[in-house]
Amino acid sequence: MKIETLPLSSPPPAPSVAGRRRWRKPAIALAVIALAGGGWFALHGKGTPPAVTADAKKAEKPTVFELAPNDVVTVEARELALRLPLSGSLAPLAQATVKSKVSGVVLETGVREGMKVAAGQVIARLDDADARARVAQQAALVKEATARLAMATKNEANSQALLKQNYISQNSFDTTRNSVELAQAAVDAARAQLDLARIALNDTTIRAPLSGVVSKRFVQAGEKLSPDSPVMAIVDLQHLTLDAQVPASDIPRVQVGQPVRFRVDGFDKRSFSGTVARINPATEAGSRSMLVYISVANDDGSLRAGMFAKGEITTDKSAPRPIVPLAALRKEGEREVVYRVDGGKVISQPVQLGMRSEDEGMAEITSGVEAGAVLLAVPLDGVKPGSAVKLTKPVAASSATATAAAVKKG
């Protein structure tokens, strides 16, 4: 047997340097990508993209609304009053124009405009010479009439004695008796004239009929007055009346004795008080309003007649109860509710309402909330029952009135 030796296959040609470099570059890139992927899986977990995880965490965090001091109100307990606005002018309750009762020349006037006078004080004197002469004349006539009466009385006594003795007739006696009666009447008339003369003498001294202030002086010394000539005008400023017109539709709300508060031009920082004294039963001509007369005590004399006043009548008043701004009330179906802030949450709280005051912008709460409760003062976008809220700072108890005033002003 012949054994043949087969030629060995030639080894594959060695790759060139350039070929080795081209093969290494893709391999290195794949290794880098594999390392980066393994690191990402180790950090973030399998199959969850980073963007999706951040959105999920953000959605899980609840929204907390920050409330400013003006957004909330603390309920306070006080009286709530219904008021009716009014305006009018002040007039003196008592005033008088003093006139002369007799004629005469003015000797003196002791007072001038703006001076206070007391009741019975002398404010003017007239020349009384004629009045004194008339008094003397009437006094003399009284004496004459008295003497005639005395003579007639004696004659009557004598006639009565003669009648008893039948020396005169009954007719003669009656004539004598009639003379006595006529003489008595003459005495009475003379005395009446004497009284009138004395009154006329007394009227030459003119006195103030009431206490007050002289508002007008009509005469000067030396002028001649006739009966009923004006001398002085006096007003009583201690007691004034505010004459205010009230629409007839509001008159049923007004009652005698209701309190009134008002202000007067020139006293901007001062408030005055009064009481409803009378109500006119008829409307004013040309309008549908009625006059309400308000009694005003002016003890210090600050107010003057003719001043214009603006104020309000307190027509009704509640007992001290919790009050809330009208803007804090909401409707849920047929129920009145408020949004109460408690433990960082907004809670819908049903309430029962009492008196409402549109002027103050407040309402009385009879049940549902107590004084000290914190409520949402105004509707806020996005804030509803169950919302988480945060107060920026504590709310003062007096903020209810301030919030109502701000809402009303807005």
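Biologist: Is Ser357 buried or exposed?

Modeller: This is a predicted model. Buried means under 20% relative accessible area. Ser357 has 3% relative accessibility, so the residue counts as buried.

Biologist: Which strand holds Ser357?

Modeller: Look at residues 345-357.

Biologist: Which residue has its backbone nitrogen 3.3 Å from a polar atom of the Ser357 side chain?

Modeller: Start with other contacts of Ser357. Leaving aside neighbours within four places in sequence, Ser357 is in contact with Leu80, Ala81, Leu82, Leu326 and Met362. The backbone nitrogen at 3.3 Å from the side chain of Ser357 belongs to Glu360.

Biologist: How many bridges join β18 to β19?

Modeller: The two strands run antiparallel. They form a hairpin with 2 residues between the strands, and Gly343 takes a positive phi near 65 degrees there. Across the pair, Arg340 stands opposite Ile347 in β19. The number of bridges joining β18 to β19 is 7.

Biologist: Which residue in the turn between β17 and β18 has a positive phi?

Modeller: β17 (residues 330-332) pairs with β18 in the antiparallel sense over 3 bridges. Glu332 stands opposite Arg335 in β18. The hairpin has 2 residues between its strands. The one with a positive phi, about 70 degrees, is Gly333.

Biologist: How many of the 8 residues of β18 are buried?

Modeller: β18 covers residues 335-342. This strand is mostly covered. The buried count is 6.

Biologist: Which residue of β10 stands opposite Val105?

Modeller: β5 (residues 104-109) pairs with β10 over 2 bridges, in the antiparallel sense. Facing Val105 is Lys224.

Biologist: Which residue of β7 stands opposite Glu108?

Modeller: β5 also pairs with β7 (residues 122-126). That pairing is antiparallel and has 3 bridges. The residue facing Glu108 is Arg125.

Biologist: How far apart in space are the C-alpha atoms of Pro92 and Leu240?

Modeller: Pro92 is found in β4 (residues 81-99). At 11% relative accessibility, Pro92 counts as buried. Leaving aside neighbours within four places in sequence, Pro92 is in contact with Val235, Asp236, His239, Leu240 and Ala305. Pro92 and Leu240 are 148 residues apart in sequence, but their C-alpha separation in space is 4.4 Å.

Biologist: Which strand supplies the largest share of the lining of the largest pocket?

Modeller: The largest pocket holds about 240 Å³ of space. β6 (116-117), β9 (212-217) and β11 (230-247) each supply at least two lining residues. The largest share, 4 residues, comes from β11.

Biologist: How do the residues of that lining divide into nonpolar, polar and charged?

Modeller: The largest pocket is lined by 15 residues. Lys116, Gly212, Val213, Leu237 and Arg304 lie nearest its centre. The lining divides into 5 nonpolar, 5 polar and 5 charged.

Key: Residues numbered from 1 in each chain as written. Predicted model: local features only at pLDDT ≥ 70, side-chain atom pairs only at ≥ 80, totals over all residues. Heavy atoms only, no water. Buried < 20%, exposed > 50% of the residue type's maximum accessible area, 1.4 Å probe, protein only. Polar contact = N/O pair within 3.5 Å; in protein donor to acceptor, adjacent residues only side chain to side chain. Contact = heavy atoms within 4.5 Å. 1 Å grid on protein atoms, 1.4 Å probe; cavity = no way out; pocket = protein on both sides within 12 Å on 5 of 7 lines; lining within 4 Å. Points joined across faces, edges and corners; volume = space filled by probe spheres on them. Nonpolar A, V, L, I, M, F, W, Y, C, P; charged D, E, K, R; others polar. Pairing = 2+ DSSP bridges.
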